Amino acid sequence: MARRVHQAREDAEFDFILRMSGVPVLAYFIGTWPKAVEPCRTMDPVVGAVADAYPGRLTVVRADIARCPEATRRYQVTGAPSYVLLKEGEAVASGTGILTEAGMRELLAGLL
């Protein structure tokens, strides 16, 4: 995972990262159940590359669905991997599943 990707170990940490970010936040939700592990591992380098591509313009936070249940409910995350782009705490775009780096950039296009 890229150094620019923050790890939220619980809801309080997730919310702290949101509050402290002065730029849009890409929330990257992962799952640890058997069918979610490989797709999430596949996406880790893609999300890391996107985080590295937008320094100062995007904060990326990685959150385990089981450890951040309030954030998961708040942003209506139903699968893993899932992505929610937040501006001032409000969801403005979202996606689920395996994306290419180009697909991830397309999700963010025009919103940063």
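**Core contacts and salt bridges**

User: Leaving aside neighbours within four places in sequence, which residues is Phe29 in contact with?
Analyst: This is a predicted model, and contact here is taken as heavy atoms within 4.5 Å. With neighbours within four places in sequence set aside, the residues in contact with Phe29 are Phe14, Ala63, Ile65, Ala71, Thr72, Tyr75, Val77, Ala80, Pro81, Ser82 and Val84.

User: Which residues have the most contacts inside the largest nonpolar core?
Analyst: In soluble globular proteins, nonpolar side chains tend to be buried together. The largest such core in this model holds 37 residues. Those with the most contacts inside this core are Phe14, Phe29 and Met104.

User: Which element gives the most residues to this core?
Analyst: Two or more core residues come from each of strand 1 (5–8), helix 1 (11–20), strand 2 (25–30), helix 2 (34–53), strand 3 (59–64), strand 4 (82–87) and helix 4 (101–108). With seven residues, the element that gives the most is helix 2.

User: Is Arg74 buried, partly exposed or exposed?
Analyst: Buried means under 20% relative accessible area and exposed means over 50%, with partly exposed in between. Arg74 has a relative accessible area of 39%, so its class is partly exposed.

User: Of Glu38 and Arg41, which counts as exposed?
Analyst: The side chains of Glu38 and Arg41 meet in a salt bridge at 3.1 Å, N to O. Because they are three residues apart in helix 2, about one helical turn separates them. Glu38, at 47% relative accessibility, counts as partly exposed. At 52%, the residue that counts as exposed is Arg41.

User: What is the distance between the closest N and O atoms in the salt bridge of Glu101 with Arg105?
Analyst: Both residues, Glu101 and Arg105, lie in helix 4, four residues apart, about one turn of the helix. Glu101 counts as partly exposed at 31% relative accessibility, and Arg105 counts as partly exposed at 33%. In their salt bridge, the distance between the closest N and O atoms is 3.2 Å.

Definitions and conventions:
Residues are numbered from 1 along each chain as its sequence is written. This is a predicted model: local features need pLDDT of at least 70, side-chain atom pairs count only at pLDDT 80 or more; totals for chains, interfaces and linings use all residues. Side-chain values use heavy atoms; hydrogens and water are left out. A nonpolar core is a set of buried Ala, Val, Leu, Ile, Met, Phe, Trp, Tyr and Cys residues joined through side-chain atoms within 4.5 Å. Buried means under 20% relative accessible area, exposed over 50%, partly exposed in between (1.4 Å probe, protein chains only). A salt bridge is a side-chain nitrogen of Lys or Arg within 4 Å of a carboxyl oxygen of Asp or Glu.
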